[in-house]
Each structure stands twice: as structure tokens, then as C-alpha cells.
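Student: I have a model open and would like to go through it with some questions. Please give the cut-offs as the terms come up.

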Amino acid sequence: QVCDLEMLMNGAHTPLTGFMTLDEYTHCLEEMRLPEGAVWGLPVVLDVSDDSIKVGDEVLLHSSAHGGPLAILDVTSVYKPDKQKEAKEVYGTDSDEHPFVSYLYSAMGHTYVGGNVRGIQLPQRAFLPPEKVFTPKRLRAKFDGEKEVVVFQCRNPLHRAHVAMFTEVAGDGEIPVVVHPTIGPSKDDDFEAAIRVPTYEALQPVLSKQKIFIEYFPYHMRLGGPRETIQHMIARKNYGFTQMIVGRDHAGCKDKAGNDFYGPYDAQELAAKYEDEIGIKTIPFKAMVYYPDEDRYVTKEAAKEQGLKTMNISGTEFRRRINAGENVPEWYAYSEVVRLLQASYHYCMAANESFTEEIVQKLNKEAVVLKPSAESRQNGLLDAYSQLSKQHTHTLFFVLEDDASDNTFMLYRPAAGEKHQFTSLDDLKSHLQTQQP
């Protein structure tokens, strides 16, 4: 709900100006269009379990986890959805083995409330300063003057194969490429946005030299395959992108037996059908594999045609190695990314400093906050974060500040009401050692 609200307020969900009314919802489900005829992939609804809301009400939309009051909803429609129909029409299945269908059945309220929203403030996140989440207007202005801008939908950490693919489809710096990772909820086994964001920030100084930029997409993944691909295209058109890379089984998922809910090319075929009407061209994702004899990546198709002996690591195997703390080869992943993920996976967070103390007070153990300078992020000092994390003694926070000139380490001891600041990892370690029983 928070992600959809933000996209309604910032214009990413244009032409929608509010949560769907019954008429809009019905058209979306049955025709994949809005009542006025515009193509539309997914329902954008406000689900509630409160039967007291009625047409004509003004409802304050508030989230204490996202900064407080966010918007006012002018209620023009209140209705009971047929969730099984919604599942079949939108996600192609009514099986609760589909992650979002399960969420639809078990977590979403029994009533939908529609109407225009009047924004008060954009949502804040504990792991990312609001100014780093560009609105469509700001992003269009950033790339004003560029005839073409390619966007890559992303919900995973970036690897070297991704960068090789960007160069393959957009040329070596000829056309800017924007990596647009989602920062809302996703699959349970995905790396959370709070964990991924520091990895993106660590790579940005290097990638920007190749005209590859990282911006953030305040979106909640539904894993809706072809119809979700349409929704991604509509939003990216509103952000000003001219082309979008669409992967094999884009936004897809599997059942418990490992079977795909969608065909491998369903999303690409539906995207191609509607790209002219939406106004954004699609580029099929090119799978890249590593060719060790020449220390470079080649397309999977070229490798097969030329009979090249190549190497690759699956996403599942990568996650297993990260979780187990095992080595990940440099040819596959950036060392900065590996260190941060292995430091953060399951027991660390990235944080906006303004939320840090509030969060720390709710924790049951001590916390360390690392605020690295821009130079440190670029030069890989992030080992410090990794070294502390592996001790599993503190909850760690990673705070991003573009103007930070020095490294700062903050130690919070909520039980004792103490807060200590250090300018080097060695000083922090020495202090921690003296406090050990």
C-alpha cells in the first residue's frame, strides 16, 4: 500500500490519481485497461478490514514506519473484491502457491476503498534517505537532452554479467543505462532492499563512469509475470525511459515443486504487443556467460554458436554461498558486493540516521552504525562493516551520506543509555575489547 501510494503521489502511476474504484478495478481485471481505454496491468487498490469506511469519507493515510501522515483519501468507492477472480485474471492462477496470490488471500483486507489521494508527504524509509528516491519528474530532468535512456528492472544485487549485458545492449557508454531496483517488498528468498542498497551505493562511483546509473524504484513486486511486465513498462514510461530490458520469465515465480507459473517468453511477447501503445520499446534480456580463456563475458547464444567453454553461477547458488559465507569468484561478482551481502545477510540493516536511535531503542542488543565517507565506499573500506558483522554480537546499520568526508562509527548501548563515537575501526574494536567481561 505504501509503495502504491507513493507512486500515485509522485506520478509513476499516471494516469491513475488514486486507488482504484470498482469501475477501474473491474476494467483492469477483465480488459487490462482503465475505463478511459489506457492499458493497465495490475490492480492498484487500498485494502482494508474496516467496515465503517463509506463513500464521502476523507481518510487520513498514515504510517508511523514511513514518517507519519502521508495523504488524504477522498473515498468515492467501497467494494468487496472477488479475490479468486482477481487471482485468475491478473496472475493466471488461483493457487496459493503463487507468492502474491497467497498474500492476496491471507494478508489483504476483505474490502477495497477507492478514490483520489491528496499527498501530504512522500514516504520515508529507515534504510534510504528520501532524496535518493527520485520522482519521475526529477529523473526526467536528470536525463533531459538524452534521446535514449535504457532502464533495467532489478530486484537483486548487481553482478559483472549484468554490466556486460548493459554494454551489449546499449553500447559502451553510448546510451545511458539506469538500473532501477525495486525497494519495496519482494519474494521471501530475495535479498531485502535494506541489504541491497549499500551494494548499489558501493558500485555507483565505478558504474557511473560507464554511463550506468542507479536509481531507486518504490515498488512492491507482485511476481505477476506478463501483466506485471506491462505495469513496469507504464511506470518506466512515466519516469522518462525510452527502452526497457525485459528478461526471460520477467517478474515470474515458481510453485513449491519448482514449476514456473509463466512461460519463459510470455512476458516478452505481451510486452512486444503493447510497447507501441504504451510508448516504450522493449529489449530482450541477453543472458551472459563468462569465457575464462579471454577473461570476458559473451552472450550465451554466441558461446553456443562458437563452441566456447564458459562458466556461470546460478542465482540460487550465489545466495547459498553468501548465506554460508563461502567464496564467490571475482569473475562473477564484485568483491564489494560480496563483502556487504555476507556482512548483512539475515542480521544487519541499512539505515537513515534520523531513524537509527528510534530503531536502536527497540532492539535487544547493542548496535553499531557505520557512516563511511564517499572515498571509503569507493575504495572498499567496507571490509570494516564485514569484520564487525561476522562477530554477530551487534546489530549493524549502514548510513549513506553523500557529503560525509570522514568515516564515523557510532556505538549504541540502549540498556545503559550510552552512545559513543569513533573515527576508526581500530578505536571501536579496542573499546569493545575493554568492555568484554
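Tutor: We start with cavities: on a 1 Å grid over the protein atoms alone, a cavity is a set of points where a 1.4 Å probe fits but cannot get out, and lining residues have an atom within 4 Å of a point. Grid points are joined across faces, edges and corners, and a volume is the space filled by probe spheres set on the points. This is a predicted model, in which local features need pLDDT of at least 70, side-chain atom pairs count only at pLDDT 80 or more, and totals for chains, interfaces and linings use all residues. Residues are numbered from 1 along each chain as its sequence is written, and side-chain values use heavy atoms, with hydrogens and water left out.

Student: Which elements give two or more residues to the lining of the largest cavity?
Tutor: The lining consists of Q1, D4, P43, V45, D47, E86, Y91, F100, Y103, M108, H220 and R222. Helices (H or I, at least four residues) and strands (E, at least two) are DSSP runs, numbered from the N terminus. The elements that supply two or more lining residues are α3 (83-91) and α4 (99-106).

Student: What is the volume of the largest cavity?
Tutor: A search of the whole structure finds 2 cavities of 30 Å³ or more. For the largest cavity, the volume is about 140 Å³.

Student: How many charged residues are in the lining of the second largest cavity?
Tutor: Its lining is made up of F166, T167, G171, D172, G173, I175, V177, Q210, K211 and I212. Ala, Val, Leu, Ile, Met, Phe, Trp, Tyr, Cys and Pro count as nonpolar, Asp, Glu, Lys and Arg as charged, and the others, Gly among them, as polar. By these classes the lining has 4 nonpolar residues, 4 polar ones and, as charged residues, 2.

Student: Is K211 buried, partly exposed or exposed?
Tutor: K211 lies in the loop between α7 and β9 (212-214), and its phi is positive, near 60°, in a residue other than glycine. Buried means under 20% relative accessible area, exposed over 50%, and partly exposed in between (1.4 Å probe, protein chains only). At 24% relative accessibility, K211 is partly exposed.

Student: What is the relative accessible area of D295?
Tutor: D295 sits in the loop between β12 (288-291) and β13 (296-299). Its phi is also positive, near 50°, and the residue is not glycine. D295 counts as exposed because its relative accessible area is 56%.

Student: Why does I183 count as buried?
Tutor: I183 is in the loop between β8 (177-181) and α7 (193-207). With contact meaning heavy atoms within 4.5 Å, and residues up to four places away in sequence not counted, I183 touches R125, F127, L128, V133, A193, V197, Y216, F217, P218 and Y219. The C-alpha atoms of I183 and L128, 55 residues apart along the chain, are separated by 9.3 Å. I183 counts as buried because its relative accessible area is 5%.

Student: Why are the buried residues of α11 on the same side of the helix?
Tutor: The buried residues of helix α11 (residues 315-324) are F318, R319 and I322. They share a side because the arc they cover around the axis, taken from the directions from the helix axis to the C-beta atoms, is only 95°.

Student: Which residue does a cis peptide bond join to T14?
Tutor: The residue lies in the loop between α1 (2-10) and β1 (18-19). Omega of the bond is about 15°, and the partner of T14 is P15.

Notes. On a 1 Å grid over the protein atoms alone, a cavity is a set of points where a 1.4 Å probe fits but cannot get out, and a pocket is an open set with protein on both sides within 12 Å along at least five of seven lines; lining residues have an atom within 4 Å of a point.
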